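Hi everyone, thanks for making time. I'd like to walk you through one model, so please have a look at the screen.

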Amino acid sequence: MSTSHQDHAYPEPAAHPNWSSRHKPRPLTPAQQKQNRDALLRAKHTPRPRHTRNNSTKAAR
């Protein structure tokens, strides 16, 4: 028996057009670069919250 693409219950969907590699990505503008740098610095220096859903149940035991 030969295997073919007909063996599957559903055909594989076509790739999304954004996945094609025909076009180069557009470079970021200086404003976008600054916004990304600011967001990265904010994320690096902002402490993470210590409260999680499981911590409240452990204290009650």
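Of the chain's 61 residues, 0% count as buried, where buried means under 20% relative accessible area, exposed over 50% and partly exposed in between, with a 1.4 Å probe and protein chains only. Keep in mind that this is a predicted model, where local features need pLDDT of at least 70, side-chain atom pairs count only at pLDDT 80 or more, and totals for chains, interfaces and linings use all residues. Residues are numbered from 1 along each chain as its sequence is written, and side-chain values use heavy atoms, without hydrogens and water.

The chain has two helices and zero strands; these are DSSP runs, H or I of at least four residues for helices and E of at least two for strands, numbered from the N terminus.

Now, which side chains meet in a salt bridge? Those of Asp38 and Lys34, at 2.9 Å, N to O. The term means a side-chain nitrogen of Lys or Arg within 4 Å of a carboxyl oxygen of Asp or Glu. A search of the whole structure finds one such bridge. Asp38 and Lys34 sit about one helical turn apart, because they are four residues apart in helix 1 (residues 30–45). Asp38 is partly exposed at 33% relative accessible area, and Lys34 is partly exposed at 47%.
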